[in-house]
Each structure stands twice: as structure tokens, then as C-alpha cells.
Amino acid sequence: MFKTLDSAVPVACWSCSIGHNDSTLFCPHCSKIQPPPGGDYFSVFGLKPRLELDLSALEQEFHRLSRKLHPDRFARALVNEKEWSLADTALLNDAYRTLKDPLRRTEYLLKLEGAEIGEEHSGKDRVDPSRVPADLLEEVFDLNMQLEEMRMARKIGDEDSALEASLAEAKEKFSGLLKAVDEDLRAEWRAWDEGNELARQASQKRMVALLDRRHYLSNLVRDVTETLGA
Ligand SMILES: [Zn+2]
């Protein structure tokens with residue numbers, strides 16, 4: 001299970017000694033800066049893990065906390081407080097960068113939930129043929145043949161406008177499929193946010209599959225774009 005505000009570890013404030021949960025940058029009692037909290041990125045913003053976020057509220061909170069953490073405010077503070085203002089700022093920046101981006105946010109939340117996703121679990125650069133989505137096998141095979149043909153033609157200085165048009169069409173089609181994946185992901189956000197434990201587990205599985213498909217499709221679109229633009 002993920003850490004939520006409810007289950008966050010209670011710690012005592014270094015300054016006023018009153019206990020608070022380990023997810024806050026500032027003591028709720030004496031307002032003093034705290035060491036980098038051990039909770040997740042959501043808790044930095046006082047949120048529970050969820051996928052549909054109010055991005056303008058997130059941005060406002062980011063700016064508010066950034067201002068409060070600004071090193072100038074700690075010019076006359078204790079050495080520890082100075083160090084924490086830098087460490088907390090770095091954490092806040094990482095958290096904001098991750099949560100404001102829909103894909104990064106989704107991947108982050110799935111990783112919190114223990115899913116195996118991300119670069120270390122998939123083909124890093126080129127399209128990995130072993131992960132071709134089953135419904136696209138034939139089209140991907142054709143596309144790869146055409147890409148190879150195009151590269152050969154380019155190498156010997158040939159112009160093949162029919163092949164070029166066909167590749168441009170394929171690019172359009174796969175870009176469309178990519179958009180469809182993003183819409184499906186958005187639908188899963190709501191399913192996860194509003195679902196019970198069982199619904200969440202099912203939704204997580206679908207999101208992992210959608211992210212794999214997305215990764216595959218975006219590599220494909222990139223390959224076509226590169227070949228056409230070469
Ligand atoms: Zn305090």
C-alpha cells in the first residue's frame with residue numbers, strides 16, 4: 001500500500017517538539033522548516049495519491065511553497081535550516097515536475113503501487129520487436145519494411161514519393177492510435193481515483209498495459225518521423 005497522510009509516520013518537530021506527520025515541509029504548530037519529509041510526492045502538496053489533479057491549484061501551491069523555502073529567507077537561520085531549505089526545494093521541484101506531467105504522474109503512482117514500469121523494464125531506445133501489440137503485428141511488420149526501403153532509397157539518393165506518402169499516412173495513423181491511448185489512460189485515472197481496492201488493482205493492470213502500448217507507439221512514430229525527416 002502507498003503512504004497516505006493518514007498513515008504517514010508521526011515525527012516530533014525539532015523546534016517545538018510537537019508531533020506532526022512526516023509529510024510536511026513546515027511544522028503546522030510553530031511554522032519552522034522541517035527536514036525533507038519521507039512521504040511520497042503527493043504528500044509534499046498535502047494530497048493523497050490520485051491521478052486527476054487540479055493543475056492550477058498544484059501550481060499555486062508549488063509557488064507558495066517555493067517562496068516559503070527560498071534561501072534568502074534563511075540567511076540568518078541555523079545551519080540545519082539553511083541546508084533543509086535547499087534539500088526541501090530540490091524535493092519540491094522533483095515532486096512538482098513529476099506530478100504536473102500526466103504521464104510521469106501516472107508512472108509515479110503506479111510505481112508507488114509496486115507496478116514494474118518505466119525505462120528499466122522496457123526497450124530503451126529502439127522499438128523492441130518482442131513487445132509489438134498483438135493487434136498491430138501486421139501493420140508494424142509492413143511499416144518496418146517500408147522504413148527499411150526508405151532508408152535504402154535515401155542511401156542511394158533515390159526519391160520515392162509514393163513510399164514517402166505511404167509512410168506519412170502510417171505516421172498519421174499511429175499518431176492517432178497514440179491519442180486514443182491517452183484518452184484511455186484518462187478514463188483509467190477516474191477509475192483508479194474513485195474505485196475501491198479491487199477496482200484499483202484492475203485499473204492498474206490496464207494502465208501498465210496502456211503505458212507499454214504508448215511507449216511502443218511513440219517509438220514507432222519517432223522512427224517514422226526520423227526516417228521521413230532524414
Ligand atoms: Zn514545530
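Helices here are DSSP runs of H or I with at least four residues, and strands are runs of E with at least two, both numbered from the N terminus. By that rule the protein, a predicted model, has seven helices and two strands. Read from the N terminus, the order of elements is β-β-α-α-α-α-α-α-α. The protein has 230 residues, of which 21% count as buried. Among contacts with a separation of 6 or more, 54% join residues 24 or more positions apart.

**Nonpolar cores**

The largest nonpolar core has 20 residues, and Leu25, Tyr41, Val44, Leu92, Ala95 and Leu99 have the most contacts inside it. Two or more residues each come from H1, helix H2 (55-69), helix H3 (79-100), helix H4 (102-112) and helix H7 (197-229). H3 gives the largest share, five residues. Because domain 1 (10-100) and domain 2 (121-229) both give residues to this core, it lies between them.

Leu92 is one of the residues with the most contacts inside this core. Leaving aside residues up to four places away in sequence, Leu92 touches Val44, Phe62, Leu65, Ser66 and Leu69. Another core lies apart from the largest one and has 11 residues, including Leu147, Leu167, Leu217 and Leu220.

**Loop residues**

Ser17 is in the loop between strand S1 (10-12) and strand S2 (19-21). Its phi is positive, about 70°, although Ser17 is not a glycine. Ser31 is in the loop between S2 and helix H1 (41-44). Phi of Ser31 is also positive, near 70°, and this residue is other than glycine. Asp160 is in the loop between helix H5 (137-155) and helix H6 (161-194).

The table gives the exposure of these residues.

| Residue | C-beta neighbours inside 10 Å | Class |
|---|---|---|
| Ser17 | 10 neighbours | exposed |
| Ser31 | 11 neighbours | exposed |
| Asp160 | 15 neighbours | partly exposed |

Asp160 has 15 C-beta neighbours inside 10 Å, so it counts as partly exposed.

Asp160 can also be placed relative to Met150. The two residues are 10 apart in sequence, and their C-alpha atoms are 7.8 Å apart in space.

Conventions:
Residues are numbered from 1 along each chain as its sequence is written. This is a predicted model: local features need pLDDT of at least 70, side-chain atom pairs count only at pLDDT 80 or more; totals for chains, interfaces and linings use all residues. A residue is buried if 20 or more other C-beta atoms lie within 10 Å of its own, exposed if 12 or fewer, and partly exposed in between; C-beta atoms are placed from the backbone. A nonpolar core is a set of buried Ala, Val, Leu, Ile, Met, Phe, Trp, Tyr and Cys residues joined through C-beta atoms within 7 Å. Domain bounds come from an automatic or database domain assignment. Two residues are in contact if their C-beta atoms, placed from the backbone, lie within 7 Å.
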